[in-house]
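I opened this entry to note what I looked up, one item at a time. The model comes up next.

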Amino acid sequence: MPSLNDATRGRILYGGDYNPEQWPEETWLEDVRLMKDAGVNSVTLGVFSWAKLEPRPGERDFGWLDRLMDLMHENGIGVVLATPTASPPPWMGHLHPDTLPVDQDGRTEWWGGRQHFSHSSATYRRYAAAVTEDLAARYGGHPALTMWHINNEYCTYDWSDEAAVRFRGWLQGRYGTLDALNEAWGTAFWSQGYGDWAQIHTPRHAHYLKNPTQVLDFKRFTSDMLLECYVAERDIVRRATPHLPVTTNFMPLWVGQDAWRWAEEEDVVSVDLYPDPRDPLGAQNGALVQDMTRSQARGPWMLMEQAAGPVNWRGVNHPKPRGLNRLWSLQAVARGADAVCYFQWRQSRQGAEKFHSGMVSHAGEEGRTYQEVKQLGAELARISAEVTGSHTANDIAVLHDWHAWWAGAQDGRPSTQVDYPDLLRAWHRALWEAHLTTDFAHPEHDLSAYKLVVVPQLYALTDAAIENLLAYVRDGGTLVSGFLTGVADEDDRVRAGGMDARLRELFGIRTLHEWWPLDADEHVECGGFRGTLWSEEIETSEEAEVEAAYKGGELDGLPAVLRKGRAWYLSTLPEPDAMRDLLARVAAGAGARPVLDALPAQVEAVRRGDLLFVLNHGRESVTVEVPGTHHDLLTGATVRGEVTLGRYGVAVLKP
Ligand code: GAL
């Protein structure tokens, strides 16, 4: 299978979405000059070009794209060519209303924005396949082409009649019989038993709480339908160019796609990442997405989109202070990115994103944004050869599963304060702040390479996943789990005892009497730290050791942190500092060490291959001890024993 290496060929890809159809052709020449000056070696063309490529049904206008492909090739810039299928032309919805998605209240999502396609529509799929065929036939042999980009951020839901038909087919594939479906969905509750497949719909607007397993299956179905759309287009371009990699860009930690499953179908895993420059946890949140994407890719990955300056979709859209774009780009490279790309090359002057930054902002060539983009391009070129293709093994894995997320995020649960992505962020942040680098893994993955596995929360687990966790601990691994783990099976049926018996035995929990969720502003004293969000009334078994107990209140003396051998259980969410200290202690016991000792709080050290990236996320300059002698690939300086990093400074050190 082709990989990202086939597109990078030893150079970090640098560039971004290029939408030249928004500009007169004279601007294209100016673009190319500026791209070359900035070290841009890759552009993504055609993401939203369907109306231009197919102005009327079946008609093709490729002339402009021919000229662009040639222009890019003449100037040594590779093209990631997109299929335009994320934004169908107005004629499609007008002629074929069945291509438009319908929301759960029965409202049509009209054209005039983007992503107004029904994944289930046979008509949409037919047009999408046809335009993809023609693009592949026309440009498959073009020398500028380096990679395919299918659609864009697949994310649509659809409750339409056509989606309902496909949903029934999907359910028949999963359950075989109506009896099995009724059993899995627990339809004995509230008189929901189905007597005919035709009675089953997508979970539309209902008077009160919907059947949770129906909703869970609808989420699975949606991810699978979108994946079918991706695979159909991927297979078309793959037939034309089996030697070129194919990708589609994920949104970070997006709820709608089981990205573990999707990543298996991609040659290159890519993601769009837009941390808020004002967010004090921006670097941590970015690191989480980067770790997750690298883990899905099982190696180098592509930062498909980031912003050189402000976005336009937050309430208040902050620009990036000087140096932050460079820092976050190099953070991505440290964590495995072999491509640093942006949305978009040139900031638009019209349309919904005219106030979203580009690599060339409205201020143009003289603007600070472009000047910083240019500096970064030169620096990436300097480190490319040493970086690309390299990979690092980590000692720690954070477990994450979309199905557990979907099942646990339903209405009618014990506390709406418990938010799955927030828990992932809290646990990952604790590791980040303890300077521990980590992978992500699926609960059914082989975990044997890890010294420590942490489970922020996996509400629903399959038997296979539970057995995997048991085997991991039995074979010498250290496991730390948060609350609400192992509560349900894959049908969202609560396990006997309120938590799987095998897991209770693993952690030393005899009886889980009650959950005591906490209010937003509430906390529980745990002797030395405060717990937030959640607490539990647990009766332990004899072998369990109570590492921290609740102090005062109803749960006085009961375990907040519990341990049986190498299996740890947290029945609350410790405040951030306590969480950091706890995970650091457990990691040290498991033999997982930070990359560097004695790091200042805002500095992270990340290994990639034999390179050591040291990144200062603070605004104050810091001196960091780095044992041995290194060569800084960015400055050319020799580093002996310590390196000083200015505000947002980075060193890329080679021993
Ligand atoms: C992404 C999208 C781009 C652009 C960008 C703005 O979600 O793929 O097309 O809209 O956001 O931040």
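I began with the ligand. One of its oxygen atoms is 2.8 Å from an N or O atom in the side chain of tryptophan 313. I counted a polar contact as a pair of N or O atoms within 3.5 Å; within protein, one must be able to donate a hydrogen and the other to accept it, and residues adjacent in sequence count only if both atoms are side-chain atoms.

The ground rules came next. This is a predicted model, where local features need pLDDT of at least 70, side-chain atom pairs count only at pLDDT 80 or more, and totals for chains, interfaces and linings use all residues. Residues are numbered from 1 along each chain as its sequence is written, and side-chain values use heavy atoms, with hydrogens and water left out.

Glutamate 153 has a side-chain N or O atom 2.4 Å from a ligand oxygen. For glutamate 353, a polar side-chain atom also lies 2.4 Å from an oxygen atom of the ligand. Taken alone, the ligand exposes 310 Å², and the protein buries 95% of that. Those areas come from the Shrake-Rupley method with a 1.4 Å probe; for residues, only the protein chains shown count as cover.

Which residues surround the ligand? I listed Phe48, Arg114, Asn152, Glu153, Asp272, Tyr274, Glu305, Trp313, Phe343, Glu353 and His356. A residue is near if one of its heavy atoms lies within 4 Å. By class, this shell has 4 nonpolar, 2 polar and 5 charged residues. Here Ala, Val, Leu, Ile, Met, Phe, Trp, Tyr, Cys and Pro count as nonpolar, Asp, Glu, Lys and Arg as charged, and the others, Gly among them, as polar.

Next I looked at the sheet. It is open, with 9 parallel strands in the order S5-S4-S3-S2-S1-S9-S8-S7-S6. Strands S5 (246–247) and S6 (249–250) stand at the edges with a single partner strand each, so one side of each has no neighbour in the sheet. Strands (E, at least two residues) and helices (H or I, at least four) are DSSP runs, numbered from the N terminus. Two strands pair if DSSP finds at least two bridges between them.

I then checked one pair. Strand S7 (residues 270–272) runs parallel to strand S8 (residues 301–305), and 3 bridges join them. Aspartate 272 has glutamate 305 in S8 as its bridge partner. Both residues are in the list around the ligand.

Backbone notes followed. The peptide bond from phenylalanine 343 to glutamine 344 is cis, with omega near -5 degrees. Glutamine 344 sits in the loop between strand S9 (337–342) and helix H13 (368–387). Arginine 9 has a positive phi, near 45 degrees. Its place is the loop between helix H1 (4–8) and strand S1 (13–18). Most residues other than glycine have a negative phi, and most peptide bonds are trans.

Last, I read the record. UniProt lists "domain: Glycoside hydrolase family 42 N-terminal" (unreviewed entry) at residues 17–382. That span is 42% helix and 9% strand. The UniProt feature "domain: Beta-galactosidase C-terminal" (unreviewed entry) covers residues 603–654, a span with 0% helix and 69% strand. UniProt positions use the numbering here, feature names are shortened, and annotations may be inferred rather than shown by experiment.
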